[in-house]
Amino acid sequence: MSKEEILQFEGLVLEILSDARYRVQLDNGHALIAYTAGKMKKNRIKTLAGDRVTVEVSPYDLEKGRLIFRHKDERASSASRPPQRTQFRRR
């Protein structure tokens, strides 16, 4: 295994901790602490408890990881959203 090789897992956010960290339960049953990746911070992607995420984990430390992707929730797209207010342009 080369030094640059990282492991990717999918999991569920169980708890939001302080300092932009999250407790994540992986699909294989392992729990770890993960922090938000820089691109997610830059693009202001919010992560809530109950969200499905993809986590990068180093093979050297399997207790810490980095959230790299937040999966869209299928239920949120099917639920009816309130109508958007129309934007009026000033002349």
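Predicted model: local features only at pLDDT ≥ 70, side-chain atom pairs only at ≥ 80, totals over all residues.
Student: What do the five strands close into, and in which order?

Tutor: They form a barrel, ordered 1-2-3-5-4, with mixed pairing. On average, neighbouring strands of this sheet are turned by 50 degrees against each other, direction ignored.

Student: How many bridges between strand 1 and strand 2?

Tutor: Six, and the two strands pair in the antiparallel sense. Leucine 12 faces glutamine 25 of strand 2.

Student: And in their hairpin, which residue takes a positive phi?

Tutor: Aspartate 19, with phi near 65 degrees; the hairpin has three residues between the strands.

Student: What about strand 2 and strand 3, parallel or antiparallel?

Tutor: Antiparallel, with five bridges joining residues 21–26 to residues 31–36. Tyrosine 22 has alanine 34 in strand 3 as its bridge partner.

Student: How does strand 1 pair with strand 4?

Tutor: Strand 1, residues 7–17, is antiparallel to strand 4 over six bridges. Phenylalanine 9 is bridged to valine 55 of strand 4.

Student: Switching to the largest pocket: how much space lies in there?

Tutor: About 150 Å³. Strand 4 (52–58) and strand 5 (61–70) are the elements that give two or more residues to its lining.

Student: Which strand gives the largest share?

Tutor: Strand 5, with four residues.

Student: Which residues line the largest pocket?

Tutor: The lining consists of Ile6, Tyr35, Glu56, Val57, Ser58, Asp61, Lys64, Gly65 and Arg66.

Student: How many of the lining residues are charged?

Tutor: Four are charged, alongside three nonpolar and two polar residues.

Methods: Residues numbered from 1 in each chain as written. Heavy atoms only, no water. 1 Å grid on protein atoms, 1.4 Å probe; cavity = no way out; pocket = protein on both sides within 12 Å on 5 of 7 lines; lining within 4 Å. Points joined across faces, edges and corners; volume = space filled by probe spheres on them. Nonpolar A, V, L, I, M, F, W, Y, C, P; charged D, E, K, R; others polar. Pairing = 2+ DSSP bridges. Axes fitted to C-alpha atoms, helices over the stretch in contact; angles between N-to-C directions.
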